[in-house]
Amino acid sequence: MKYLLRSIKYFIYLAIMLAIFIAALLALGFIEGPIDNIFKNGADSIWQMALIVAAFAAVYPMLGYGKRNVRIYGEPEQVWPEIVEFMNGRGYILTEGDAQGAKFRLASKLSRVMRMGEDTITFTRNIGGYSLEGRTKEIVRLDTGLTQRFDRND
């Protein structure tokens, strides 16, 4: 169900962005006239673009969201305050949970809106550290930062 909701959000988001782009081109005078003059296939082009946007929106959640294991050694009670401090420094606030499993969200409402409410990072305790789940781009950044912060091979 989460996958379907993400796909629908991305379809709407991309459709709005496409409409804004076309409106900007019209407003700046780069293109002119009715839809039949703007696109080669006229009004049929809108349905063709909608299908392309729908295909992208259907595939993106599979590629844009994932899970990653981060090695953080130590007892959860000892490392958890440092993890919370690290996440706060990255603009995230703890919304629920504890050292065994927690969810963080972006503190900035503008950032949340720009990410269509898909800003949650879930921490789940596992052997050797934590499993992070969320936007792939963001969990890779967090993985790198957490690994550097908790590298105990000094």
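Strand β2 (residues 92-98) is joined to strand β3 by six bridges, and the two strands run antiparallel; strands are counted here as DSSP runs of E with at least two residues, helices as runs of H or I with at least four residues, and both are numbered from the N terminus. Two strands are taken to pair if DSSP finds at least two bridges between them. Strands β2 and β3 form a hairpin, with two residues between them, and D98 stands opposite G101 in β3. The model is a predicted one, in which local features need pLDDT of at least 70 and side-chain atom pairs count only at pLDDT 80 or more, whereas totals for chains, interfaces and linings use all residues. Residues are numbered from 1 along each chain as its sequence is written, and side-chain values use heavy atoms, with hydrogens and water left out.

A pair of aromatic rings is described by the distance of the centres and the angle of the planes. Rings of Phe, Tyr and Trp (for Trp, its six-membered ring) are paired if their centres lie within 6.5 Å, and the planes count as stacked when under 30 degrees apart, as edge-to-face when over 60, and as tilted for the rest. A search of the whole structure by this criterion finds seven aromatic pairs. One of them is formed by Y10 and Y60, which are edge-to-face, with 4.7 Å from centre to centre and 65° between the planes. Because Y10 lies in helix α1 (residues 2-28) and Y60 in helix α3 (residues 44-64), this pair ties together parts that are 50 residues apart in sequence. Y10 is buried, with a relative accessible area of 8%, while Y60 is partly exposed at 24%; the word buried is used for values under 20% relative accessible area, exposed for values over 50%, and partly exposed for those in between, with a 1.4 Å probe and protein chains only.

The rings of F104 and F123 have their centres 5.3 Å apart and their planes at 65°, so this pair is edge-to-face. F104 belongs to strand β3 (residues 101-106) and F123 to strand β4 (residues 121-126), so that the pair links distant parts of the chain, 19 residues apart. F104 is buried, with a relative accessible area of 0%, and F123 is buried as well, with a value of 1%. Together with W80 and Y130, the residues F104 and F123 form one aromatic cluster.

Charged side chains are placed over some of the rings, a charge being said to sit over a ring if NZ of Lys or CZ of Arg is within 6 Å of the ring centre and within 35 degrees of the ring normal. The charged end of R125 sits over the ring of Y130, 5.0 Å from its centre, and R6 lies over the face of Y65, at 3.7 Å from the ring centre.

A search of the whole structure finds eight salt bridges, each defined as a side-chain nitrogen of Lys or Arg within 4 Å of a carboxyl oxygen of Asp or Glu. In one of these, K9 is joined to E118, with the closest N and O atoms 3.0 Å apart. This pair links distant parts of the chain, since K9 is in helix α1 and E118 in the loop between α5 (109-114) and β4, 109 residues apart. K9 is partly exposed, with a relative accessible area of 30%, whereas E118 counts as buried at 13% relative accessibility. R6, K9 and E118 are linked in a network of salt bridges.A second salt bridge is formed by R149 and E85, whose closest N and O atoms are 3.1 Å apart. Here R149 is in helix α6 (residues 136-149) and E85 in helix α4, 64 residues apart, and R149 counts as partly exposed at 28% relative accessibility. D119 and R112 form a further salt bridge, with their closest N and O atoms 3.5 Å apart; D119 is buried, with a relative accessible area of 2%, and R112 is partly exposed, with a value of 21%.
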